[in-house]
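Please keep the viewer open while reading the points.

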Amino acid sequence: MSTKPEEHVRYTRNRREFLTDSMCGFGALAFAQMAQAANPLAPKPSHHPAKAKNVIFLFMAGGPSHLETFDPKPLLNKLSGQKRPAEFGEAKYQFVQNDAKLLGTKRSFAQYGQSGLWVSDLFPHQAKIADDLCVIKSVTGDMVVHSAAQYQMMTGRILPGFPSMGSWVVYGLGSEASSLPSYCVLPDPDGALEAGQPMYMNGFLPAVYQPSMLRPGPKPVLNLDLPKNVQFDSRRKTIDLIKRLNEQNPDGEDPEFAARMSAYDTAFKMQTEAPEVFDVMKESPATLAMYGVGQEPTDDYGRRCLLARRMVEKGVRFVCVVSGGGPGDLQWDAHGDIEENHLRMAAQADQPIAALIQDLKQRGMLDDTLVLWGGEFGRSPEAQTGKGRDHHNLGFTMWMAGGGIQGGQSIGNTDAIGLKAVEDVHHFRDIHTTILHQLGLNQDALSFLHQGRKERLTEIHGEVIRKAVG
Amino acid sequence: MPTYTAAEKRHWSFQPVTVAPTPSFTAPADRAWAQNPIDAFILERLLKDGLRPAPRADRITLIRRVTLDMTGLPPTPAEVDAFVADRAPDAWARVVDRLLASPAYGERWAQHWLDVVRFGETEGFEYDNHRPDAWRYRDYVVHSLNNDKPYPEFVKEQLAGDEMNPNHEQLRIAAGFQRLGAIRRNAGNQEVASSRNEVLTEMTNIVGSAFLGMTLGCARCHDHKFDAIKQSDYYRVQGYFASTFDQDIPLTPAADQAAWKKKFDEVEASLKKIESKMKLLKGDELVRMQSEYKAKEAELPEPLPSLFSVKNDPAKTSPIHLLARGEYELKGAAVGMRPPGILAGPDLPELPLGTENPRTKLADWMFNGNNPLPARVMANRLWSYHFGRGIVATPNDFGRMGARPTHRELLDYLADQYRGNGWHLKPLHRQILLSNTYQQAVTNPLSGKLAAEKDPDKSLLWAFPRKRLDAEQIRDGMLAVSGQLNAKLGGQSVLLPVQPELVNLLYKPHQWVATKDAAEHNRRSLYLIQKRNLRLPFMEVFDLPDRSASCARRESSTHAPQALELLNGDTSSRLAQALAARLRAEAGPTPAKQIDLAYRLATSRLPSAAEKQTALAFLRTQPLEEFALAILNLNAFLYVN
């Protein structure tokens with residue numbers, strides 16, 4: 001079953017209009033059914049048959065280096081300390097000046113898996129899942145500063161105020177999670193990122209598509225816990241009172257009132273069932289060990305990756321697990337010392353990432369869960385302050401796995417020093433298009449009329465990365 | 001000059017405002033109902049579909065509706081009683097006049113305008129620097145509305161206040177309009193031309209949305225795909241802003257400024273020192289130094305008061321070119337300044353960049369009498385806020401992708417009235433509020449069934465559309481009902497104390513310093529700081545718009561996090577306790593009396609017998625605080641009929 005593209009475009013915005021639009025001729029529906037029909041989070045049919053149902057985005061904030069991870073460049077090592085030869089062309093950086101010298105990498109690369117994928121010794125664990133990874137070495141973005149690049153990676157636009165991937169996906173497909181928010185962001189407890197919360201937000205889409213920003217600690221969801229001194233049973237009685245008084249309201253019935261009551265039921269369900277999901281310690285010792293939970297430095301990212309799996313298991317549609325936060329050096333933002341920064345960041349994230357893929361796979365969940373890995377840009381072939389690398393948006397690496405993506409391959413190439421994507425160049429919008437495509441969503445049909453424009457995640461038409469989807 | 005096709009020229013919204021004869025009726029019931037031309041136009045359209053209007057709502061419903069509509073607050077029990085008891089024929093008109101004269105009118109309607117002009121008090125993006133003086137613009141709007149400033153003056157002050165009189169404080173503040181949007185700043189190699197292009201784009205887009213109901217922004221990269229807006233039109237409008245630059249005008253003596261600068265330079269020097277040390281460190285040491293840096297950064301002195309404004313700097317005038325795909329590097333033909341051609345006509349000359357007082361010229365052109373859009377757009381906004389839906393359902397877009405007017409003649413009637421009354425909003429509000437159309441009940445026993453089939457979203461207004469309160473109305477209403485509202489007018493914006501987890505979602509958490517005076521925390525939501533990178537969950541969950549672009553109409557969604565916020569959130573818990581205390585203090589210890597008062601405060605009416613029984617039964621075992629919390633969660637509180 002497919003949805004006509006127009007159905008995603010509507011002027012009518014509030015629930016009443018939504019409801020009455022979809023209700024014409026069905027006036028006799030029971031209110032409970034109407035509330036269900038009007039639930040904007042009810043699962044919606046995709047535009048075409050879907051390969052993936054859920055997305056986990058492993059966001060390596062600050063911009064991990066392609067040159068230290070998946071994109072070996074022997075020539076860069078040879079030219080280390082020299083100025084970039086003119087034939088490679090120009091690049092604009094945030095800090096590095098034109099006279100900067102190239103910087104070779106200290107990482108060593110080898111080929112892994114049956115596919116012989118190149119992975120550096122920075123990621124010994126990801127090397128083990130090489131055959132599941134579809135590494136795209138030719139990603140580009142338009143911006144070389146964090147905030148704008150983060151906006152573009154998340155929302156398709158270099159400005160704040162546009163809906164993020166997660167919000168678009170939930171808008172398009174609805175939610176399968178009855179006791180959890182359908183779109184969750186798990187930020188790094190070390191701190192926030194340059195683009196701040198707006199990059200994750202719903203933009204001009206209704207608030208129902210906003211993310212839940214999960215907090216560190218035992219109470220990750222805002223307002224999910226009862227205030228101090230209030231008992232659960234007592235609060236249940238209060239909710240019953242609200243329900244009863246609303247039913248007795250002489251204003252009569254209104255489908256919107258029914259929808260409100262169903263929101264209270266969902267809220268109560270979330271209160272009772274979600275804490276169970278958040279308790280990752282319920283997992284077997286073997287699973288915990290696999291993610292590195294209980295060990296440093298993997299404990300935190302391991303917990304969050306594990307939580308992502310548990311949430312997807314419960315039907316959460318889109319989870320973003322952020323690695324890096326706070327001051328630049330606590331992100332992958334290695335201006336000062338690429339070695340020190342990336343070894344430290346990789347030590348936190350590599351094992352949990354590989355564990356997540358293996359875990360999803362052994363549970364049969366990798367087939368319909370698309371995992372995306374990467375940051376808002378890569379890093380410059382030139383050195384910054386001797387040992388660091390500046391931001392770099394002209395060619396860098398992201399990978400996808402699961403969700404119908406063909407693993408064990410690398411797509412595209414940068415030039416011989418990793419400066420520019422030169423083969424199978426894919427802008428962020430192609431990444432977005434491909435994710436939507438795997439979810440059964442068409443980038444043009446998934447639109448929302450705003451300020452006179454049919455806004456889309458991709459803004460300008462993106463391409464499905466055919467080699468990735470097979 | 002661009003040319004336009006006959007079909008483009010025929011588009012409805014570009015036609016002159018024409019006043020159709022007011023429909024007349026023969027049936028006595030119709031004649032009685034059609035009290036003013038608004039009713040006549042509405043009734044005529046209803047009859048076409050065989051529909052009849054709803055009866056008048058009861059008095060309690062009416063005073064609650066109009067008070068929330070005009071002031072954003074629920075009526076007090078005394079105000080309800082007075083209106084219910086007032087049997088004079090002009091009782092309703094006097095209520096309307098009282099509300100129009102109330103300072104809370106400006107506070108409520110300023111909220112709408114701030115949505116339209118994308119008002120924010122921080123810069124957004126990475127730095128999200130605070131604009132400590134942007135609140136002056138907010139107060140300027142409140143003041144302008146309360147004084148019923150004629151619209152051309154209101155618009156001109158915002159577009160060109162600095163040109164009108166550079167020494168006039170309020171005019172300079174008004175001109176701050178141009179800088180209300182987000183702006184990207186970052187360290188390192190600045191791409192000056194790129195950043196300037198972003199600023200100019202921002203300034204241009206808002207003109208189309210806010211004043212003209214035109215989606216000018218769609219023509220930045222190419223000719224508009226649907227409307228008669230060429231790419232050259234877009235850049236010629238941008239031409240009016242080519243010389244416009246930010247200006248902060250200090251309000252403190254030179255000595256204070258010098259002292260401030262001294263302190264600022266000191267802190268900055270230490271920051272630089274730490275920075276240079278940081279370059280030599282790594283690992284834990286580096287992290288430690290980074291937190292030292294953050295602590296030092298927090299010592300930067302608070303900015304001194306100044307006027308947040310703009311000025312022309314002709315020497316720095318940016319050349320304006322058509323830009324392929326909107327990219328500043330892909331320059332096409334250079335242009336001057338000129339209004340959109342479809343409205344300006346072929347004869348209006350293009351002026352060169354650098355022409356004196358450019359924005360005054362734009363503002364004057366807007367109201368030169370030939371442009372039908374400002375009056376239509378503003379009249380439609382008014383209608384949209386009163387009824388929850390505009391005559392044109394897309395108030396920022398009167399183009400082909402926008403909605404068609406449901407009542408074109410009525411819209412022109414209102415636009416004509418608006419222009420004819422000297423562009424004052426208050427008489428127009430009054431006319432709308434006194435209409436029978438506005439005073440209808442939410443249900444229609446006569447036509448309801450047929451109407452629900454023919455026009456389920458009530459766009460023809462066969463009954464009054466029920467509305468959920470918006471975020472500000474809910475919070476302000478909770479403060480008022482619980483007796484906590486601090487009704488102080490105007491002044492600096494308030495930062496509420498929020499949970500540290502929320503502050504930690506900021507890249508620069510030290511930016512959020514809660515206002516020290518706790519009494520300020522109970523001020524109306526209008527006065528809460530609009531920080532782009534920290535949005536209060538309470539407001540956000542109830543559809544506070546993202547103010548990155550103009551918002552003409554708020555969403556009204558319903559979802560579980562709203563329930564969680566109203567049940568478990570800090571605001572609800574605190575105000576439910578305050579409400580319980582108020583009930584005890586004012587109604588005494590008797591539960592029946594407490595219940596009556598709670599209903600009167602929150603819903604403006606007494607509870608029905610059934611509601612009262614239910615509440616009494618609850619209070620036999622449960623605490624009053626929980627009952628108070630339930631009251632703040634009731635549909636009867638959160639919706640307006």
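Is A:Asn229 buried or exposed? A:Asn229 is exposed, because its relative accessible area is 77%, over the 50% that marks an exposed residue. Keep in mind that this is a predicted model.

1. Chain A, make-up. Chain A has 13 helices and 17 strands. Its radius of gyration is 23 Å, close to the 23 Å that the globule rule gives for 470 residues, so chain A is as compact as a globular protein of that length. Along the principal axes, the C-alpha atoms of chain A fill a box of roughly 80 × 50 × 40 Å.

2. Chain A, inside and surface. Of the 470 residues in chain A, 66% count as buried. The accessible surface of this chain is about 16,100 Å². Carbon and sulfur atoms hold 52% of that surface. Take the contacts in chain A with a separation of 6 or more: 77% of them come from residues 24 or more positions apart. As for charge, chain A carries 49 positive and 54 negative charges.

3. Helix α6 of chain A. Look at residues 165–173. Among the buried residues are A:Met165, A:Trp168, A:Val169, A:Val170, A:Tyr171 and A:Leu173. A:Gly166, A:Ser167 and A:Gly172 are buried as well. Just after the helix comes A:Gly174, with a positive phi of about 70 degrees.

4. Two backbone details in chain A. Go back to A:Asn229, in the loop between β6 (212–213) and α7 (232–248). Its phi is near 70 degrees, a positive value in a residue other than glycine. Then turn to A:Pro297, in the loop between α9 (285–291) and α10 (299–313) of chain A. A cis peptide bond joins A:Glu296 to A:Pro297, with omega at about 5 degrees.

5. A:Ile129 lies in the loop between α4 (124–128) and β4 (134–140). A:Ile129 counts as buried, because its relative accessibility is 2%, and buried means under 20%. In sequence, A:Ile129 and A:Gln358 are 229 residues apart. In space, their C-alpha atoms are 7.5 Å apart. Leaving aside neighbours within four places in sequence, A:Ile129 is in contact with A:Ala354, A:Ile357 and A:Gln358.

6. The contact between the chains. The size of an interface is often given as the accessible area lost when the parts come together. Here chain A and chain B bury about 7,500 Å² between them. Of that area, 56% is on carbon and sulfur atoms. On the chain A side, A:Asn223, A:Arg260 and A:Gln451 lose the most area to chain B. Together these three make up 9% of what that side buries. The contact takes 90 residues from chain A and 83 residues from chain B.

7. Chain B, make-up. Chain B has 29 helices and 6 strands. Its radius of gyration is 27 Å, close to the 26 Å that the globule rule gives for 641 residues, so chain B is as compact as a globular protein of that length. The C-alpha box of chain B, taken along the principal axes, is roughly 75 × 65 × 40 Å.

8. Chain B, inside and surface. Of the 641 residues in chain B, 62% count as buried. Chain B exposes about 24,000 Å², and carbon and sulfur atoms supply 55% of that area. Among contacts in chain B with a separation of 6 or more, 72% come from residues 24 or more positions apart. The mean positions of its 82 positive and 76 negative charges are 2 Å apart.

9. Two aspartates in chain B. B:Asp128 sits in the loop between α7 (103–116) and α8 (135–146). Its phi is positive, about 45 degrees, although B:Asp128 is not a glycine. B:Asp128 counts as buried at 1% relative accessibility. B:Asp265 is in helix α13, residues 254–278. B:Asp265 is partly exposed, with a relative accessible area of 32%. From B:Asp265 to B:Leu300 there are 35 residues in sequence and 8.9 Å in space, C-alpha to C-alpha.

Notes:
Residues numbered from 1 in each chain as written. Chains lettered and ligands numbered in written order. Predicted model: local features only at pLDDT ≥ 70, side-chain atom pairs only at ≥ 80, totals over all residues. Heavy atoms only, no water. Helix = DSSP H or I, 4+ residues; strand = E, 2+ residues; numbered from the N terminus. Rg over C-alpha atoms; globule rule 2.2 N^0.38 Å. Buried < 20%, exposed > 50% of the residue type's maximum accessible area, 1.4 Å probe, protein only. Contact = heavy atoms within 4.5 Å. Areas by Shrake-Rupley, 256 points an atom, 1.4 Å probe, with all protein chains shown as cover. Lys, Arg positive; Asp, Glu negative; His and termini not counted. Charge placed at Lys NZ, Arg CZ, Asp CG, Glu CD. Buried area = accessible area lost by both parts, 1.4 Å probe.
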